[in-house]
Amino acid sequence: MDYEFSPEDLAFRDEVRTWLRENVPRTPRPVERSAMREFDLAWQRRQYEGGWAGIAWPVEYGGRGMTLTQQLIWHEEYAMANAPDVGANFVGLNHGGPTLIARANDAQKAFHLPKILRGEAVWCQGFSEPGAGSDLAGLQTHAEIDGDELVVTGQKIWTSYADVADYQELLVRTDRTMGKHKGITWTIVDLTTPGIDIRPIKTATRDTHFAEVFYDEARIPLDNVVGRLNDGWSVAMSTLGFERGTAFMSRQVALSRQVEELIELAREHPGPDGRRMAIADDEIARQLADVRAEVAALRAMTIAVVSRNARVEQPGPEGSMIKLYFSSVMQHLAKVAMSVLGADGLRFTALEEPGGWTGQYMRSLSASIGGGTSEIQRNIIGERVLGLPR
Amino acid sequence: MDLVPSDEQSGMVDSVEQFLSKELSVRQLRDRLQADLPVPASAWAKAGEIGLFSLGLAADAGGADAPFVEEVLVFQPMGRHLAPVGFLGSAVATRLADVAGMTETRDAIGAGTVGVAVGLATRGATVGARVDGTFDVFDLPSAEWVLLLSPETGALALLPAGELTDRRPVSCLDPSTHMTEVAVGGLAPRALVDGWEQPAYQLGALLTTAMLVGIAEAVHDAGVQYAKERVQFGRPIGVNQAIKHMCADMAVRCEATRSLLAFAALAVRDGRGDAAFQVAAAKRLATDAAIENSRANVQIHGGMGYTWEHDAHLYLSRAHLLDRLFGDVHAQQAAILRTAPAVP
């Protein structure tokens, strides 16, 4: 056991820090959706030109092929430099792209991977449906095969960045006679295809982060199918091997910064008694201490999972523990922020605004829902880590 | 950068696990409890023989030169098996004796030929060049030395047990530990260190945390096992999400605190600037993990878990005892705000 970085790692950290310092955008990320898209793509392009695109992607596909330690360093420095959220590039870089690397044919790879890395295309997911949330394999959006095309009809929901995306990784049912997890196909969808209607959904945070996507006989070339027809479930699962506990790293460092900011705020914001500062209140002080400790534990846990995953071919389901803990720490932080704010907690501040704590409070509600609810994470831990009966 | 124990470290943990299963199992603890016997001298000696109390000392001081990191690894099974609280005292006392140049005492404690009790200052008691006031002392009947500690100041003092004459046995919440209320009037310690950030105090906090993590793990294992075995309505109770999710939360608490403990031990060993913060954070969360997991284990076991015969309550009450040592939850929370994590 050690927490030492090799001279190469330290040199790497210097290099990352210097590059980020000189290149992180100075202007705030726009709120308006199309401007946000352009901002995110421009930032991705900048990273590509600097040689920092696709940090976890293999070098042969244009990625940086960083070791896990280097990824940890990158994410730490990234958050410390206050670099923008990966935003609209998330699905392409962390989900769609890695799936293509694992399962797509050469033509599909050659066309799409460079676009993702260069910041030329935004991807979104097309998995969840109104009737298929936690029970993803229950999806009903279906496709008939007509000549060399899939004809898709149905509806997807909770699709982040669909309103500004170019491509979608879509799961559709192509055979209703097979079992639930069979008969599903994974396909690339060009979102300009006729018959696709995208309607943004306004959230409790007052933004339109995600959308509903409707398909009315949208015709998708069969050439867009990744892997085999009816084998989409295994294609969708293939990215699990890509995720080695690194997904939460920058958000976790960002979380630790927020805890420090909140402690600072509590030192200068009047507390519940109106006379002393919030941090002088015993209950608030204890909660601040606890959430500071929890963030430290989250960090140690991430390093532990990364250390373990570095030694195995296929990472285990322990990533669910990080997701579950991350969600609970994030919600704890947001609740403590409301205690610190007191009456000011009624003044809504959007996430993007300085001190956007109330926006953050509303946003934190989604932490235990999106990307697999905390209940589903607990099922996964119970059944796949602990071996409890289903 | 690696938080996974090496093969050598895992081997060390396995051998301690074997020793405890053979010599100091919870079953044997039950027998001692029944007969109201103190920790046997042979147990101290065997623990000393395998190096449990001298692991962190330098090689020329009779140790294995494996401070903090290996020490927390071997103290986790100690928590798991409800090993005597006095063992904590021995492991910390060897360091104190070493610093004070008391080589004979150091070697005797390290070899386990003498035992060490742990005494906690109660309100108003002081630990310094003079020791005064009332102390709650654990495992005193089998000890030749006493390690007194003041969580208020972080002071640690080593005294011969024979000098503590004003003793009153107390029935302890933790039935597996002998507790004695001791009144001290102006005794001079043989060795003294002062301050939370002293390595000896940090070691004490780390080893206590390790025992708490061991408890959290032991009751997690017991609860999960029972959830698989116990059948109601024709199915194991673990199929129910109410039980399954309780088990998942226990597992997350284990994972989080075990990782943070390892991280904190590395921080202390390497002398990192935020070591005191990491230790305080680890002890704070490990206390919660041990107590909450122990309570969940009782709940999963239902009526059985509430009986004297079942071990579930032993773990819970030991967790409460360990909370008091080297700074309780409130003290740790204050320490967490007094210090700060380092930026990466």
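## How to read the model

Residues are numbered from 1 along each chain as its sequence is written, while chains are lettered from A and ligands numbered from 1 in the order in which they are written. Because the model is predicted, local features need pLDDT of at least 70 and side-chain atom pairs count only at pLDDT 80 or more, whereas totals for chains, interfaces and linings use all residues.

The pLDDT score is the predictor's confidence in each residue, from 0 to 100. Chain B has a mean pLDDT of 96, with 100% of its residues at 70 or more. For the complex, the predictor gives an ipTM of 0.96 and a pTM of 0.95.

## Chain B as a whole

Let's begin with chain B, which holds 11 helices and 10 strands. Here helices (H or I, at least four residues) and strands (E, at least two) are DSSP runs, numbered from the N terminus. The C-alpha atoms of chain B fill a box of roughly 65 × 50 × 40 Å along the principal axes.

Of the 344 residues in chain B, 59% are buried. A residue is buried if 20 or more other C-beta atoms lie within 10 Å of its own, exposed if 12 or fewer, and partly exposed in between, with C-beta atoms placed from the backbone. Two residues are in contact if their C-beta atoms, placed from the backbone, lie within 7 Å. Among the contacts in chain B with a separation of 6 or more, 72% join residues 24 or more positions apart.

## Where the chains meet

At the interface, 38 residues of chain A are in contact with 39 residues of chain B. Helix 8 of chain A gives the most to its side, with 16 residues. That side of chain A divides into 23 nonpolar, 5 polar and 10 charged residues. Ala, Val, Leu, Ile, Met, Phe, Trp, Tyr, Cys and Pro count as nonpolar, Asp, Glu, Lys and Arg as charged, and the others, Gly among them, as polar.

## The nonpolar core

A nonpolar core is a set of buried Ala, Val, Leu, Ile, Met, Phe, Trp, Tyr and Cys residues joined through C-beta atoms within 7 Å. The largest has 185 residues, and B:Val146, B:Leu147, B:Leu206 and B:Leu260 touch the most other members. Leaving aside neighbours within four places in sequence, B:Leu260 is in contact with residues of both chains, including A:Ala296, A:Ala300, B:Ala281 and B:Leu285.

## Some places to look in chain A

Helix 9 of chain A is mostly covered, with 17 of its 23 residues buried. Just after this helix, A:Gly342 takes a positive phi of about 60°.

A:Arg13 lies in helix 1 (residues 7-23) of chain A. This residue is partly exposed, because 18 other C-beta atoms lie within 10 Å. A:Arg13 and A:Trp74 are 61 residues apart in sequence, yet 7.3 Å apart in space, C-alpha to C-alpha.

Most residues other than glycine have a negative phi. B:Asp36, however, has a positive phi of about 55°. B:Asp36 sits in the loop between helix 2 (26-35) and helix 3 (41-49) of chain B, and counts as exposed because it has 8 C-beta neighbours inside 10 Å.

B:Phe233 also has a positive phi, near 55°. Its place is the loop between strand 9 (231-232) and strand 10 (235-236) of chain B. B:Phe233 is exposed, with 8 other C-beta atoms within 10 Å.
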